Amino acid sequence: MLRLSLIILTASLALVACAPTPSGPTLGTDGKPLPKVYRIGRTDTARIQYRLLDATNALRMAANAPQLRLNAELTAAAMTHSRDMSVQNRPWHFGSDGSSPLDRVRRAGYPGMMLGENISETFETELETLAAWIEQPETRAVLLDPAATDLGIGYFQTANGKIWWTVVTGG
């Protein structure tokens, strides 16, 4: 009896191993791929910021614009605004205290001139967000502005996985 049980168990495991596995993404009822939540870990900030900086600079190089450098003050303003947008639960350029992008950049101590700000509310990665920004003329102009020399990158992820992205350029 033990031998028969072992044979059945072995055969069952072999059949399971041979079963076809789904290829590609899981599809929703509309036939489109279900979105995956992009989870950002506590130690991912530098990796995310430099990946976005490098990708932006590659786009700027193709547009014959000078390279940007990551700026701590602009990053502080961007991080603050990303968190504030999540609290307000809406993507817009004004803070809950009525502050504008210029106000936030000044408060953060940036010595140069603030040139532009892009924002996003999404479940997408930093590179997917950059791709969406580069598709729109207004947000592309912020990223490729030849007068820009500095970049600040901020994000805030809520418990449900939504990410509030902010980039600020200055020169």
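Predicted model: local features only at pLDDT ≥ 70, side-chain atom pairs only at ≥ 80, totals over all residues.
Two residues are in contact when heavy atoms of theirs lie within 4.5 Å of each other.

Stepping back for a moment, the protein chain has six helices and four strands. Going along the sequence, these elements come in the pattern α-α-β-α-α-β-α-α-β-β. Of the 171 residues in the chain, 39% are buried. Taking the contacts between residues at least 6 apart in sequence, 66% join residues at least 24 apart.

Back to α3, which runs over residues 72-88. Its 17 residues span 24 Å from the first C-alpha to the last, close to the 24 Å expected at 1.5 Å a residue. The buried residues here are Leu74, Thr75, Ala77, Ala78, His81, Ser82, Asp84, Met85, Ser86 and Gln88. Both ends of the helix have a detail to look at. At the start, Asn71 has a side-chain oxygen that comes within 2.9 Å of the backbone nitrogen of Glu73. Just after the helix comes Asn89, with a positive phi of about 55°; this residue belongs to the loop between α3 and α4.

Ser86 is a handy example from α3. Buried means under 20% relative accessible area, and Ser86 counts as buried because its relative accessibility is 15%. Leaving out residues up to four places away in sequence, Ser86 touches Phe156, Thr158 and Trp164.

The loop between α3 and α4 also holds Ser99. With a relative accessible area of 3%, Ser99 is buried too. Not counting residues up to four places away in sequence, the residues that Ser99 touches are His93, Phe94, Arg104 and Arg107.

Over in helix α2 sits Leu53. At 7% relative accessibility, Leu53 counts as buried. Setting aside neighbours within four places in sequence, Leu53 is in contact with Leu68, Arg69, Leu70, Leu151 and Ile153. Leu53 and Gly152 are 99 residues apart in sequence, yet their C-alpha atoms are 9.0 Å apart in space.

Asn64 tells another story, in the loop between α2 and β1. A relative accessible area of 72% makes Asn64 exposed. Its phi is near 60°, which is a positive value in a residue other than glycine. Asn89, with a phi near 55°, is likewise a residue other than glycine with a positive value.

Finally, there is a pair of helices to consider. Two packed helices are described by the angle between their axes and the distance between the axes. For α5 (residues 126-135) and α6 (residues 137-144), the angle is about 110° and the axes are 5 Å apart. Angles of 65 to 115 degrees count as roughly perpendicular, so α5 is roughly perpendicular to α6. On the α5 side, Leu130, Trp133, Ile134 and Glu135 take part in the contact, and they meet Pro137, Thr139, Arg140, Leu143 and Leu144 of α6. Sorted by class, the residues in this contact of α5 with α6 are six nonpolar, one polar and two charged.

Note on methods:
Residues numbered from 1 in each chain as written. Heavy atoms only, no water. Helix = DSSP H or I, 4+ residues; strand = E, 2+ residues; numbered from the N terminus. Expected span 1.5 Å × (residues − 1). Buried < 20%, exposed > 50% of the residue type's maximum accessible area, 1.4 Å probe, protein only. Polar contact = N/O pair within 3.5 Å; in protein donor to acceptor, adjacent residues only side chain to side chain. Axes fitted to C-alpha atoms, helices over the stretch in contact; angles between N-to-C directions. Parallel < 35°, antiparallel > 145°, perpendicular 65-115°, else oblique. Nonpolar A, V, L, I, M, F, W, Y, C, P; charged D, E, K, R; others polar.
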